[in-house]
Amino acid sequence: MDWVLLALIAIPIGAVLVFMLIPSRYPQLVRNVALVSGFAMFALSVLVFVKYEFEGGSGFRFDLQLAWLENVAFLGKDGISLHLAVDGISAPMVLLTGIVIFAGVFISWNIDYRNKDYFVLLFLLVSGVFGVFLSLDLFFLFFFYEVAVLPMYLLIAVWGTSSHFGTFTRPKEYAAMKLVLYLVGGSALIFVGIFATFMEAGQGTFDLPVLGAVTYDENFQKVVFPLYALGFGILAGLWPFHTWSPDGHVAAPTAVSMLHAGVLMKLGAFGILRVAITLFPEGAQFWAPVLMTLGVTGALYGAISAMAQRDLKYMVGYSSVSHMGFVLMGLATLTTIGVNGAVLQMFAHGVMTALMFAMVGAVYDQAHVRDMTMFGGLAQKTPRLAAFFAIAGLSSLGLPGLAGFVAEFHIFVGAFNTYPWAGALGILAAAITATYILRMLAMVFFGPFNERWAGLKEMRRGEQFGGALLIAFIIFMGVWPAPFIDRISESVEFILRVGASGP
Amino acid sequence: MLNQIPEGVVWAILFLPFGSFAVISLAALLGLTRTGSWEARFSGYLTMAAIAASFLLSLWALDSVLQEDGARIGYDAHEWVTVGSLRFDIGVTVDGLTAIMLIVVTSVSLLVQFYSQGYMRGDPGYNRYYAFMSLFTGSMLGLVLASNILQLFVFWELVGLCSYLLIGFWFYRDSARRAATKAFVVTRIGDLGFLSAILLIWTKTDQLDIGQIQHLAATGMIGSSVITWFALGLFAGAAGKSAQFPLHVWLPDAMEGPTPVSALIHAATMVVAGVYLVARFFPVFIVSEEAINAVVVVGAITAIMAASLAIVATDIKRVMAYSTISQLGYMMMALGVGAIGAAIFHLFTHAFFKALLFLGAGSVNHATGTFDMRKMGGLARFMPVTFLTTTVAGLALVGVFPLAGFWSKDEILIEAWAEKPLIFWTALAGVFLTAVYVGRMLFLTFGGEYKGGEASDHGAQANSRPAEPHESPWVMLLPLVVLATLATTVGFVNITGGMNDILEGWLPEETHELVAAGDFVLWISVVSVAVGLAGLGLAWAIYSRKAIRAEEVSAALEPVQVLLDRKYYLDDLYETVIVKGVIMRGAAAALHAWDRYVIDGVVNGLASLMRFSSEKYRLAQSGQAQLYGAAIFIGVIVIVASVLQDELLGIVGL
């Protein structure tokens, strides 16, 4: 099984190389290669998730360490190595990535313009995402992080769409540039943090388990924690550094929005947990109230902003800000159940927001508008599309039996145990979520049919399959979350260094 | 007498309707339900079979509970998930309260499904209808069987979802989509109180098991402020679901759903879930003075307010919706005076006669194509069965001896008199108002001359309505007759107080002395019936005899009329002021502007500043060698000067 993690990173890179060798006059061949490699990633990620079992200690499994640079210059033993392993937190994230990219291939089936280049960038991005989730070496983690972020620029600028909405216009180039500048700004902070950590630890290595064994000075922790939290937090949509995210989601092509909101934003939250909270527990304790405040603010702020939107995609974009606010709240509780909830929410939000973007894309591809006031009664023409969208929405507003509720409940329990005021405000945000989701469903899918859309057709088969795959996981986690929770909670307890006691 | 019901059978009660839902959904997905006459109605038969089986098993559960005198038959909880040291369980429990609820839900549901075979015939959404009805029945059974509060909440939300889906069943109508959204959002506001209560009790006591929470509360193991907040949170949820003031606004609009849905969900079962919740946590409410007072005050306000609105509504279903709200207020009042047995007894009788009223209204609509009472009239001649059964239900609602409503309402009045006389007088006023609107509804619909109805807009009857109204088909009449029989007789089951014993048998020992126990008082029964008859008489005088002209009354009371027409301005307050004004135009627009102009403004401003400064700075890089040479020369001078500072200063003699 040791090869499996390497394979997860190698498959998308291999596919990229194959795409490059295919002449661009064979777009169907490109699609088939994408489908096969997408399925391979999905299958392997399911395998990793199913086979993962906590076996004591740090809980890392399928450990694979390939030496790269050691005993040179300032580097000691293990200096920089490609160190891959999976624990209870990254296992669901790997699964999420596998699901979303597989569904994303189906959603991207009809892309005609330079589809070879599109898939090259998309798969490059995915290899970076897998790399971040699996790396146990700060150097490679950072490397993969950049690999995951940078293709976004081209994907948005070339295949994206600009927004024209009354007096408001937002060119896709603007969105792409804004996204990259924000995220590179975050990277700069992380970069500083990584070198500070390296110097302070004095172990001559970037290996995370080694760095994790060091006890850092409390003041150092207090200074370095915010570098990571802010740097990674920007990618997680941390308020008030979130405005790149709705703009970016809206401008991006459908499958990229799915991956971006569904998986990429999770890299930020994952980074905070994997690096900042793991290495600097005292720094985390010190900054937790701030992180909680920003998380709650983001949750409420995103929800209220979503209510003001008429553009479907902007609404989903702001709802992502709101839901990522819940993730940050869960992390900031620093309790087993709260952090558990954060990881669950990362997965739940990943699948349901990917589904929402896929469905918005299915509408937009035919209608070429996204203004919800221009629709009405679409459920008569496209009942499945309406049902899929409704399921995503109901999960998003926290209906029991679907994934969102399980996650939010954990987060709220954690918040009530630590910061009751934040828990109460979080619940308020959930109430607002119900309002904007139901308003949107009523406006777009129900009510009298708008004859302008008489030619509208049901989703393509590929879209139906991709959507059904995502729904299967939304229901699975909503009804039987034990497989997720069993995996996540042990690793979270290790990170938070709690024994059998504690909430 | 049967053996005690095993746990697996209890689960079956709940899973049979869920199974029917799953089968119908799957069949619909695979496209198996469209062809042939038998397959077309397969979903209806399957639903009825599943619910009939659940009903029989519920009888078994009731039998087992009777042997235990209503005490709890607890089964072991099963682990659902474990998070670190925290364990979430699922499980079922059966006691007197649950058993009575099971009977109410399964029997009314079964009759309504039967009736729907006629009412929904030919509707394009026939399969969807039965799928949702199965899902609803299963969820409602899960709600009453749940042994822990989180599980109860899960089913609580699922019945809310079904309500949303069924109110919006004819989703292509604008009014239906609005009503569905409103119902979901308003009840959800209450539900968040419920969720907060769960989080609070778990944080403070580490318990989610309902029996354990009851026990802790009854034995004083939970702090009083925690109890109060917990109870108030639960009551927020109950007020949303049971349409109590000020969260009642969704229920009248919910009448947009098909009428059998209104009968089952919005009269007999789902809306009483709030009453059930308060009863289920009665040991918690009763030990908190503030909480129990909140219940009684809200119940009283709701009962009177809704009854007054029922008098002016012109849509027959809305009259009944307000009537339901008002009766739910009665049940809450009863709980608030500590009369849990009377409250649930009233819930029990109300389920039958109110479902009957709705099904009667559906039958009338089937014939006339309208719900507007001003377009009906004289239907007693055309629809004798509907007329008789609806009248029985109406009189039961007023509380006329010896119909079902008499017994349960009387019990509430007696307990109220014993515990809180003020509440007694409020309830008595409510009886009068109830009689007036029931009389008005009966006289407008069935009395006088037929006023023509309206073209039907749903189902197969769309084009085939004859000029004269006709009686409904037997599938619709049979449930009416069965329900009328029940509405006449079910009151007698508690004549010896036997039902109260079952309903109170599960309460913890410590709670027993707090339960209200009034004895039969003859004058109260006489007065309440007299007041009811007086109300009916007034309605007769105005709407049948026309001795008093309705227009004159409303002209004389014009401000009141306006106030009632505007529904006490609550809808305006919520929709225009709060949602549109404060949230949409205020907060959402403000935050949106903040995002666009302040946050983005800073970012874009920073970018502009960079661009501006680099454009200026660019001028320096002109490529002219002279300029660079001059700059280098000046630089060298400055460096040399700073290095040789002291010497230079010495040279000039300083």
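Helices (H or I, at least four residues) and strands (E, at least two) are DSSP runs, numbered from the N terminus. The structure is a predicted model, in which local features need pLDDT of at least 70 and side-chain atom pairs count only at pLDDT 80 or more, while totals for chains, interfaces and linings use all residues. Residues are numbered from 1 along each chain as its sequence is written, chains are lettered from A and ligands numbered from 1 in the order in which they are written, and side-chain values use heavy atoms, with hydrogens and water left out.

**Backbone features**

Most residues other than glycine have a negative phi, and most peptide bonds are trans. Arg114(A) is not a glycine, yet its phi is positive, at about 50°; this residue lies in the loop between α3 (90-107) and α4 (115-134) of chain A. Two cis peptide bonds of chain B are set out below.

| Cis peptide bond | Omega | Place of the proline |

**The interface of chain B and chain A**

Contact (heavy atoms within 4.5 Å) involves 58 residues of chain A and 47 residues of chain B. The buried area, that is, the accessible area (1.4 Å probe) that two parts lose on being put together, summed over both, is about 4400 Å² between chain B and chain A, and carbon and sulfur atoms give 71% of this. Of the area that chain B buries against chain A, 13% is supplied by Phe171(B), Arg177(B) and Leu199(B), more than by any other three residues.

Between the two chains there are 0 salt bridges, a salt bridge being a side-chain nitrogen of Lys or Arg within 4 Å of a carboxyl oxygen of Asp or Glu. On the side of chain B that touches chain A, the elements giving two or more residues are β2 (78-83), β3 (86-90), α6 (149-167), α7 (174-205) and α26 (570-618) of chain B.

**Salt bridges**

Over all chains, the count is 17 salt bridges. In one of chain A, Arg370(A) pairs with Asp311(A) at 3.1 Å, N to O. The pair links distant parts of the chain, 59 residues apart: Arg370(A) is in the loop between α14 (336-367) and α15 (383-396) of chain A, and Asp311(A) is in the loop between α12 (281-307) and α13 (312-333) of chain A.

**A helix pair in chain B**

Helix α5 (residues 126-145) and helix α11 (residues 259-268) of chain B pack at an angle of about 5°, with their axes 12 Å apart. Axes are lines fitted to C-alpha atoms, for helices over the stretch in contact, and angles run from 0 to 180 degrees between N-to-C directions. The angle therefore makes α5(B) roughly parallel to α11(B), since angles under 35 degrees count as roughly parallel, over 145 as roughly antiparallel, 65 to 115 as roughly perpendicular and the rest as oblique. Tyr129(B), Met133(B), Phe136(B) and Thr137(B) of α5(B) make the contact with Pro260(B), Val261(B), Leu264(B) and Ile265(B) of α11(B).
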